[in-house]
Amino acid sequence: MKILFQGDSITDAGRDRSDFHNLGSGYPLYAAKYISEENPDESFEFINLGISGDQTANLVERLESDFIAVNPDFVSILIGINDTWHRAATRSWLGNDVFEANYRKVLTALKERTNAKILMLEAFLLPVPDKEYFRVDLDPKIHIERRLAREFADYYIPLDGLFAQNCIGVEPTHWSPDGVHPNENGSELIGRFYADAFNKIIKQAK
């Protein structure tokens, strides 16, 4: 089974881009570990094509080469924070209609041109003071992702809500030093959520 991880720096996580089987140090590494351990009789090919700094528009640009041509059996997407962050200094926010159109184009192509199961992971922001103002733009985009998930996804991981839950009684820096990029703790947590979602999707497909 060919499993494709797609997204931005949270997915890229310092991977060696000369080898797409290199998973980096982020959540794909932990997801692959748990999936392999919990499905010992299955054979998996894990591919990480996340690129640091990417926004939804970049996924559209990479649609043919890095999604369709790969022809995955299972694809996950974690994208969105850079659509907000890259415009935060000037508050020149990307229109929600453009954000939705970009994401929808990728999901539509996957649905119509591959047989891949689709896992969407929610864009997230941990409660750090210097980025609280991101919420005015990010929150509507999270709601767009949730709406798209109902239409296209086989499973959706609501990471923004899950991290909010896991910050009760725990400092956000336990999961991420800057509220955006997970450290080892945050990456392992996402990897655990991912593997659980994968197992549920595969069980339902059998």
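How many helices and how many strands does the protein have? It has nine helices and five strands, where helices (H or I, at least four residues) and strands (E, at least two) are DSSP runs numbered from the N terminus. Before I go on, please keep in mind that this is a predicted model, in which local features need pLDDT of at least 70 and side-chain atom pairs count only at pLDDT 80 or more, while totals for chains, interfaces and linings use all residues. Residues are numbered from 1 along each chain as its sequence is written, and side-chain values use heavy atoms, with hydrogens and water left out.

Let me start with the overall fold. Along the sequence, the pattern reads β-α-α-β-α-α-β-α-α-β-α-β-α-α. The radius of gyration is 16 Å, close to the 17 Å that the globule rule gives for 206 residues, so the protein is as compact as a globular protein of that length; that radius is taken over C-alpha atoms, and the rule is 2.2 Å times the number of residues to the power 0.38. The C-alpha trace spans about 45 × 35 × 35 Å along its principal axes. Of the 206 residues, 53% count as buried, where buried means under 20% relative accessible area, exposed means over 50%, and partly exposed lies in between, with a 1.4 Å probe and protein chains only. If we take contacts (heavy atoms within 4.5 Å) between residues at least 6 apart in sequence, 78% of them join residues at least 24 apart.

The buried residues of H2 are Tyr27, Pro28, Tyr30, Ala31, Ala32, Tyr34 and Ile35. As a reminder, an α-helix has 3.6 residues a turn, so residues three or four places apart point the same way. What covers the buried residues of H2 includes strands S1 (2-7), S2 (45-48), S3 (74-78) and S4 (117-121), together with helices H1 (9-12) and H9 (184-205).

Helix H6, at residues 96-113, has 18 residues and reaches 25 Å between its first and last C-alpha, close to the 26 Å expected. Its buried residues are Phe99, Glu100, Asn102, Tyr103, Val106, Leu107, Ala109 and Leu110, and they pack against H3, H4, S3, H5, S4 and H7. Why does glutamate 100 count as buried? Glutamate 100 counts as buried because its relative accessibility is 17%. Not counting residues up to four places away in sequence, glutamate 100 touches Ile144, Arg147 and Leu148.

Helix H7, residues 135-152, is where alanine 149 is found. Alanine 149 is buried, with a relative accessible area of 8%, and, leaving aside neighbours within four places in sequence, it is in contact with Met120 and Tyr156.

Turning to the loops, isoleucine 51 sits between S2 and helix H3 (56-61). Its C-alpha atom is separated by 7.3 Å from that of threonine 11, 40 residues apart along the chain. Apart from residues up to four places away in sequence, isoleucine 51 touches Gly7, Asp8, Ser9, Asp12, Arg15, Arg17 and Arg62.

Asparagine 71, in the loop between helix H4 (63-68) and S3, has a phi near 50 degrees, a positive value in a residue other than glycine, and it is partly exposed at a relative accessible area of 45%. Arginine 91, in the loop between helix H5 (81-85) and H6, likewise has a positive phi, near 60 degrees, and is partly exposed at 48% relative accessible area.

The structure holds one cavity of 30 Å³ or more, a cavity being, on a 1 Å grid over the protein atoms alone, a set of points where a 1.4 Å probe fits but cannot get out, with lining residues having an atom within 4 Å of a point. The largest cavity has a volume of about 30 Å³, the volume being the space filled by probe spheres set on the points, which are joined across faces, edges and corners. Which residues line the largest cavity? They are Asp8, Ile10, Leu78, Ile79, Gly80, Ile81, Ala123 and Phe124.

Notes:
On a 1 Å grid over the protein atoms alone, a cavity is a set of points where a 1.4 Å probe fits but cannot get out, and a pocket is an open set with protein on both sides within 12 Å along at least five of seven lines; lining residues have an atom within 4 Å of a point. The expected span of a helix is 1.5 Å times one less than its number of residues.
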